[in-house]
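Please keep the sequence and the structure in view while reading.

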Amino acid sequence: MSRYLYFTFTIIFLTLWSSCRQDFEFAPSTGNLGFSKDTVYLDTVFTNIGSSTYNLKVYNNSGNDISIPTVRLALGETSNYRLSIDGMAGKEFENVELLANDSLYIFVESTIDIASFPNPNGEYLYTDQIEFDSGSNQQQVELVTLVKDAVFIFPNRDNTTKVVETLTIDIGGQQVDTDLQGRELLASELTMTNEKPYVIYGFAAVPMGETLTIEAGARLHFHENSGIIVNDGASLHINGGLSTNQEVLENEVILEGDRLEPNFSERPGQWGTIWFLDGSADNMINHATIKNALVGILCDGNPDAATDKLTITNSQIYNSSNFGILGRNTSIKGENVVINSAGVSSFAGTFGGKYNFTHCTLTNYWNNSFRQFPSVLLNNFVVDEDENVIITDLTEANFNNCIIYGNDNPEFLLDEVEEESVAFNFKFTNCLVRFQDNNNNFTGPNYDFDDTSHYEGIIFNEDPNFKDPDLNMLIIGSESAAINKGQSTFASQVPTDILNVNRTAAPDLGAYQHIIFTEEE
């Protein structure tokens, strides 16, 4: 009897449940769908490179379960867009079900070959539509993508084994096989112009005895784990120019990642570095912006070169996930250089060497994670793989008319391993610095701020009045403590600031002469 009653109640429950539910009764849609946007902009992509995935949300605002008879791309199978609905990829879908007062996501991607379309300016605006239903019930959402033509530099790949070419580089006079994917640049690739952007996969190596020249207005985009290597006996010349439009930077040489979507524009660590190997010489960078790398510039060796191994002027380095510039027992001259936002240090002169920076703004307002090291780091040693400490001379490290600041304290560190026969020469002259040692953690002769052989005309912890350091806007305003504090001798050596404003009459510290911020700014 109890078994009979249980069976009877089960049948009654299922009958009532099914009569109350209409999950499987979908009525055709009537053209009243809602959408999260009327146009999906897939941002700018390079030709033949897949876009990021974008989404469109479709709403059923009615009280009825509906079935959308068709969801398709207007260009059909010929479209360069791809859709995904409920985990299924395709270009046309039938009977897409949508519950009452519910929504679904449509994911959109594209890969477009610009050679298939007219592109007199190296760009093409590619469009299509997602069509929902047909006839009088049809609704559309526009799809738009700007496609850019580019010069692509790839490492070679063996067609049989599919193995990608890796580089052999000269380190300390020895040829070392590496796992760095890349290849040496061909003779035809040693001059890069502003005609088309360059997209580089792997490391592009400048061959021994050759010079890579990058002309004003050129744009270089690097894929993940990519960069430039300047070999022993090779040189890099970046010949950017002053731009009249500081938003467009039409004559600046810009080196950044290959993701063009807005949310990648300031993301650190998207590509590798510009690496000057020991033995490379006569390297010059002028009017360049280097952004979003692991290390903006890595410079090795040649501390006693007759001319500085690297001269960098009127240039900016931002959003490096490790170092803005990392020098290792090398020689670097910098004028009107701005470095900001690095996960470790903005400038590090390590394992000794020779460094001279005049009218530079070396700051670190990194806010992506905890930062252990200051904006500027100097040391004279390296620890090898066997834990041996190797010491060498810091021949000179001079910072003249500079601003050294950031969102931590202190913002410079002198990390010397003392040895009588090893030099540790440095001097800060007419600099605005952030250094406040309330707990007396920094003692000894290197931190004797009354010693004029090391410190002269230093301004401690006063406001530089940057426009917006969190947005890499390091120009100073009318309330800056750096105004008219520069030494004229150094100003005459670098008579104009990074924007070509004359500074000789009343030199401000750092790379910029001050301006008056307006309310709009």
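In this predicted model, the structure holds 28 aromatic pairs.

**Phenylalanine 154 and tyrosine 201**
- The rings of phenylalanine 154 and tyrosine 201 form a stacked pair, with 4.8 Å from centre to centre and 25° between the planes.
- This pair links distant parts of the chain, 47 residues apart, since phenylalanine 154 belongs to the loop between strand E12 (151-153) and strand E13 (166-171), while tyrosine 201 belongs to the loop between strand E16 (198-200) and strand E17 (203-206).
- Phenylalanine 154 is partly exposed, at a relative accessible area of 41%, whereas tyrosine 201 is buried, at 19%.

**Phenylalanine 222 and tryptophan 271**
- The ring centres of phenylalanine 222 and tryptophan 271 are 4.3 Å apart and their planes meet at 15°, so this pair is stacked.
- Because phenylalanine 222 lies in strand E19 (residues 219-222) and tryptophan 271 in the loop between strand E22 (253-257) and strand E23 (274-276), the pair ties together parts that are 49 residues apart in sequence.
- Phenylalanine 222 and tryptophan 271 are both buried.

**Charges over phenylalanine 264**
- Arginine 259 places its charged end over the ring of phenylalanine 264, at 4.2 Å from the ring centre.
- Arginine 267 also lies over the face of phenylalanine 264, 4.1 Å from the centre of the ring.

**Confidence of the model**
- The chain has a mean pLDDT of 93, and 95% of its residues reach 70 or more.
- Over residues 1-22, however, pLDDT stays under 50, and for this stretch the model has one contact beyond four places in sequence.

Methods. Residues numbered from 1 in each chain as written. Predicted model: local features only at pLDDT ≥ 70, side-chain atom pairs only at ≥ 80, totals over all residues. Heavy atoms only, no water. pLDDT = per-residue confidence, 0-100. Contact = heavy atoms within 4.5 Å. Phe/Tyr/Trp six-rings, centres within 6.5 Å; stacked < 30°, edge-to-face > 60°. Helix = DSSP H or I, 4+ residues; strand = E, 2+ residues; numbered from the N terminus. Buried < 20%, exposed > 50% of the residue type's maximum accessible area, 1.4 Å probe, protein only. Lys NZ or Arg CZ within 6 Å of the ring centre and 35° of its normal.
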